[in-house]
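Here is a short tour of one structure, written to be read with the model open beside you. Please have a look at it before reading on.

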Amino acid sequence: FGRYMRGKVLPTLASKANFHISVCIIDPTDPNLCEEHARYRNSINSIDKGKKYNAETVALEVVVTIIICAWFVRNKNIAIDLYLSTVFDPVRIDANDHAMILTVEDRRSPALKITSDHFMFEHFDLQMQFSRQQAKSINVSGLKESDTVAALEARNIEAFLEGIGMSDLCSQLGAENILAACRNVRNPYEN
């Protein structure tokens, strides 16, 4: 659901100039998709150390990622193309122009680094392109400007989620709960 990206990658990129990233995450408005992701999370040796997920907790994590992306777009001048996928894929691909790293959430599984000169780089790049083309693009430029995420208010969250067609999900999860989770963002791999 993008915890590492929002807790480590985006803060790191914020100090750099002219960054543009594409993010493809699951659609938090699809309860069946969120439940499938929760089943997967609950079946692996993840960094969560026994935390149990359900469709609502997965949806909350994804919504937090969307809001954090929107905050970085509005306040740190990072260009982010955000896509919501109707398919859950346990393989995560983090890529730039020079290399990509393929991982899964299960810490027992190794990662794979593929450099741009490797023949598989183009194949996985094509997979990412098709995933984005088949996903729903979300405009994340509508969040209120603020000095910090902590300075946001529940009404800012409600207005933003209404603007991207997620009012029902906001009501279900609660704007205050979403805001509290946004204020608690951290790198999940730090102790």
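## Cysteines

Let us begin with a cysteine: Cys34 counts as buried, at 0% relative accessibility (buried means under 20% relative accessible area, exposed over 50% and partly exposed in between, with a 1.4 Å probe and protein chains only). Cys69 is buried too, with a relative accessible area of 0%.

Searching the whole structure turns up zero disulfides, a disulfide being a pair of cysteine sulfur atoms within 2.5 Å. Cys34 is in none, and its nearest cysteine sulfur, that of Cys24, is 14 Å away. For Cys69, the closest cysteine sulfur belongs to Cys182 and is 11 Å off, too far for a bond.

## About the model

This is a predicted model, in which local features need pLDDT of at least 70 and side-chain atom pairs count only at pLDDT 80 or more, while totals for chains, interfaces and linings use all residues. Residues are numbered from 1 along each chain as its sequence is written, and side-chain values use heavy atoms, leaving out hydrogens and water.

## The sheet and its helix

Three strands form an open sheet in the order β3-β4-β5, with antiparallel pairing. Its edge strands, β3 (92-95) and β5 (112-115), each pair on one side only, and the twist averages 20 degrees from one strand to the next. Strands are DSSP runs of E with at least two residues, helices runs of H or I with at least four, both numbered from the N terminus; two strands pair if DSSP finds at least two bridges between them.

Four bridges join β3 to β4 (residues 99-103) in the antiparallel sense, and Asp94 has Ile101 in β4 as its bridge partner. Helix α4 (residues 119-134) lies across β3, β4 and β5, at about 70 degrees to β4. Axes here are lines fitted to C-alpha atoms, for helices over the stretch in contact, and angles run from 0 to 180 degrees between N-to-C directions.

In α5, the buried residues are Ala154, Asn156, Ile157, Phe160 and Leu161. They line one face of the helix, since they fall within an arc of 160 degrees seen down its axis, taking directions from the axis to the C-beta atoms. These buried residues pack against α3 (55-76), α6 (167-173) and α7 (175-183), whereas Arg155, Glu162 and Gly163 on the other side are exposed.

Ser146 lies in the loop between β6 (136-138) and α5 (154-163) and is buried, at 11% relative accessible area. Beyond neighbours within four places in sequence, Ser146 is in contact (heavy atoms within 4.5 Å) with Trp71, Asn75, Ala151 and Leu152.
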